[in-house]
Amino acid sequence: MTELIVRSGGLSTTVQDTGRDGQYAIGMPPSGAVDQYSFAVANALVGNPPGAAALEATYLGPELEFTDARSVAVTGADCTITLNGEPAPTWTALRASAGDVLAFGPIRAGARPYVAVGGGIDVPPYLGSRSTYLLTGIGGFQGRALAAGDRLPLGEPADGAPAAGVAVPEELRIEFPAVTELRFVVGLCAYRLTERALRSFLEVEWKVTKDADRVGYRLRGGSLEFVEREQPFGAGRDQANVVDLGYPVGSVQVPGGDEPIVLLNDAVTGGGYATIGTVISVDRDRVAQARTGGRVRFAPVDVEAAVAARRERRVRLEKVRAALVVEQR
């Protein structure tokens with residue numbers, strides 16, 4: 001079996017694919033790549049099917065040694081990479097040979113780089129997905145982040161991968177704005193906030209705290225007041241509490257009203273904190289690249305706009321694949 005040798009796991013690198021969908025009813029979050037766009041483009045650059053497992057790193061990427069010839073690509077965060085010590089471009093199809101080493105330098109912008117290798121990371125699927133769920137230690141490679149000495153099994157590369165040097169056009173790469181706008185469907189328990197508090201939530205520029213990971217992003221920057229009421233049985237005394245309900249991925253809970261939390265791919269599936277709406281699925285890509293100390297703001301949209309945004313991302317990915325074919329010719 002061909003393997004990829006991990007010389008260093010970086011800060012926190014995990015195996016992820018499109019996610020473990022369909023298990024929410026048993027309390028299992030989807031996991032999967034948080035930035036699905038960068039993940040999909042990385043797979044396209046090495047000729048993998050869209051759902052092939054790849055690596056998601058946070059802030060500092062891994063150091064990887066190849067044991068045979070493979071296509072490899074790095075997308076996502078704006079970072080420096082080297083192949084055998086020589087600078088190499090991101091968002092570009094690269095070719096590695098046996099003994100070659102891919103390494104990461106500093107990240108200039110964003111938070112999460114993605115590494116796809118031709119053939120995909122061929123770890124055993126768990127409940128239909130190869131994604132790692134760190135909180136319970138399942139999926140991925142032994143249910144954990146990568147560490148030095150790990151040897152990742154690789155699948156058989158597909159034919160027709162883009163040639164080395166083929167790159168994604170600049171206009172189809174992701175951006176890193178000073179303030180990340182997150183489109184937001186107001187709902188769920190938004191009725192628990194006063195009108196003034198809801199306006200404030202949408203007007204404030206929130207700062208990403210150090211508590212920002214695959215479970216959720218805790219934000220700071222404002223204070224939200226709740227409509228006073230006599231709490232129903234089972235909700236507890238805190239006005240930020242409700243009777244337990246399900247948490248959609250991307251929903252924003254407001255425990256205490258001071259530090260909203262955007263719940264992400266590894267979050268618990270339900271609880272008793274009020275959730276006031278949901279970041280649209282496409283913009284979870286943007287959350288994934290927001291970093292500690294960065295700023296975000298919420299822009300209210302309706303469900304139709306959310307569906308349109310998802311359609312636009314699909315068209316954008318089709319443009320990427322078409323551009324790679326054209327450039328290869």
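Predicted model: local features only at pLDDT ≥ 70, side-chain atom pairs only at ≥ 80, totals over all residues.

Student: Fine. How many aromatic pairs does a search of the whole structure find?
Tutor: The search finds 4 aromatic pairs. Take F184 and F298: the ring centres are 5.3 Å apart and the planes are at 65 degrees, so this pair is edge-to-face.

Student: Why edge-to-face?
Tutor: Because planes over 60 degrees apart count as edge-to-face, and the planes of F184 and F298 are at 65 degrees.

Student: Where do F184 and F298 lie?
Tutor: F184 is in strand β10, residues 179–186, and F298 is in strand β18, residues 295–300. They are 114 residues apart in sequence, so the pair ties together separate parts of the chain.

Student: Buried or exposed, those two?
Tutor: Both F184 and F298 are buried.

Student: What about F201 and F298?
Tutor: Those rings have centres 4.5 Å apart and planes at 25 degrees, so that pair is stacked. F201 sits in helix α2, residues 195–203, while F298 is in strand β18, and 97 residues separate them. F201 is buried, as is F298.

Student: Which residues do the ring pairs link into a cluster?
Tutor: The cluster is made of F184, F201, W206 and F298.

Student: Switching to cores. How many residues has the largest nonpolar core?
Tutor: It has 52 residues, and F201, Y217 and F298 have the most contacts inside it. Helix α1, residues 36–45, supplies the largest share of this core, with 7 residues.

Student: F201 again. What is F201 in contact with, leaving aside neighbours within four places in sequence?
Tutor: F201 is in contact with F184, W206, L224, V252, P260, I276 and F298.

Student: And the second core?
Tutor: That is a separate core of 27 residues, with A77, A96, I121 and L152 among them.

Student: Which residues line the largest cavity?
Tutor: The lining consists of L182, Y217, L219, V262, V287, A290 and V296. By class, that is 7 nonpolar residues, with no polar and no charged ones. Y217 has come up already, as one of the residues with the most contacts inside the largest nonpolar core.

Student: Now pockets. What volume has the largest pocket?
Tutor: About 670 Å³. There are 27 residues in its lining, and I174, E175, P177, D285 and R286 lie nearest its centre.

Student: Which element gives the most to that lining?
Tutor: α4 does, with 4 residues. The elements that each supply at least two residues are β8 (101–117), β10, α3 (284–288) and α4 (303–328).

Student: How does the lining of the largest pocket split by class?
Tutor: It has 9 nonpolar, 4 polar and 14 charged residues.

Student: And the second largest pocket?
Tutor: That pocket has a volume of about 530 Å³. It is lined by 22 residues, and T18, Q36, S281, R284 and R313 are the closest to its centre. α1 and α4 are the elements that give two or more residues to this lining. The largest share, 5 residues, comes from α4.

Student: How do the residues of that lining divide?
Tutor: The lining of the second largest pocket has 10 nonpolar, 6 polar and 6 charged residues.

How values were computed:
Residues numbered from 1 in each chain as written. Heavy atoms only, no water. Phe/Tyr/Trp six-rings, centres within 6.5 Å; stacked < 30°, edge-to-face > 60°. Buried < 20%, exposed > 50% of the residue type's maximum accessible area, 1.4 Å probe, protein only. 1 Å grid on protein atoms, 1.4 Å probe; cavity = no way out; pocket = protein on both sides within 12 Å on 5 of 7 lines; lining within 4 Å. Nonpolar A, V, L, I, M, F, W, Y, C, P; charged D, E, K, R; others polar. Core = buried A, V, L, I, M, F, W, Y, C linked by side-chain atoms within 4.5 Å. Contact = heavy atoms within 4.5 Å. Points joined across faces, edges and corners; volume = space filled by probe spheres on them.
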